[in-house]
Amino acid sequence: MKILAIAGSNSDTSINKQLVTYAASLFEHAEIETVDMNDFEMPLYKHQREVESGVPQQAVDLASKIDGAHVLLVALSEHNGTYSAAFKNVFDWTSRIKNRAVWNEVPMLLMATAPGGRGGLGVLEAAEKRFPLHGGNIVGTFSLPFFNDNFDKENQKISNEEKDNELKELVQKISAIESILEK
C-alpha cells in the first residue's frame, strides 16, 4: 500500500506534520511518502498568471504523487479558521490542472491538530465541505486538540490514550478498505 502523507503547513516545526507522520507510521507494510509544502512553493495563484505561464510543474508533480497513492493522509494546519496560505495556494494551482480532480477519489484520512481546544475543527469543517467537490474521498476525520498536552514530542506519538485509540481505529478502517480494494 502506498501512502501519501501531506501536512498542509510550510512551518519547519509543523505540529500537523508531526501528526501526519505519526498517523502514517501506524499503517503496517506501507510505502510512505511525506510531502513537504516547502517543496511545492509556487507563485501566488492568479488567473492572468495561469493564462500567461500555465500551471506550474510543482502542481503537476503533486497531482502525480496523489494519483500514485492508495491512501492520502492529510493534516491541515488552521490559520484563522481555514487552510494555511501555503496549502491553499498549492490546492488552487492543483485544481487548475485540466481534466482531473485535485484528490482524484483516493481514500483520504483528513486530520488537524492545534495547540487549542478545538484541535483545528474550523479547517476540518472547511475541508469536509470543499474537498468532495474536488474529488475528495474522505473516509474519516480526526482532530487532536491541545497538541502540546496530547502529543509526546520526544517519542513522536499521541500520548492521550483515548485520542490515540481513536486514530488507530481510523487507520484500521482505512486499512480494511484498502485490503478489499486490492483483492
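The legends below describe close-up views of a predicted model. In this predicted model, local features need pLDDT of at least 70 and side-chain atom pairs count only at pLDDT 80 or more, while totals for chains, interfaces and linings use all residues. Residues are numbered from 1 along each chain as its sequence is written, and side-chain values use heavy atoms, with hydrogens and water left out.

View 1. T94 is buried, at a relative accessible area of 1% (buried is under 20%, exposed over 50%, partly exposed in between, with a 1.4 Å probe and protein chains only). Leaving aside residues up to four places away in sequence, T94 touches A59, L62, A63, R100 and V102, contact being heavy atoms within 4.5 Å.

**View 2. The stacked pair of F87 and W103.** Rings of Phe, Tyr and Trp (its six-membered ring) pair if their centres lie within 6.5 Å, and planes under 30 degrees apart count as stacked, over 60 as edge-to-face and the rest as tilted; by this rule there are twelve aromatic pairs. The ring centres of F87 and W103 are 6.4 Å apart with planes at 10°, so this pair is stacked. Because F87 lies in helix α4 and W103 in the loop between α4 and β4 (107–113), the pair ties together parts 16 residues apart in sequence. Both F87 and W103 are buried.

**View 3. The tilted pair of F87 and F131.** F87 and F131 are 6.2 Å apart centre to centre, with 40° between the planes. Ring pairs link Y83, F87, F91, W103 and F131 into a cluster.

Notes
Helices (H or I, at least four residues) and strands (E, at least two) are DSSP runs, numbered from the N terminus.
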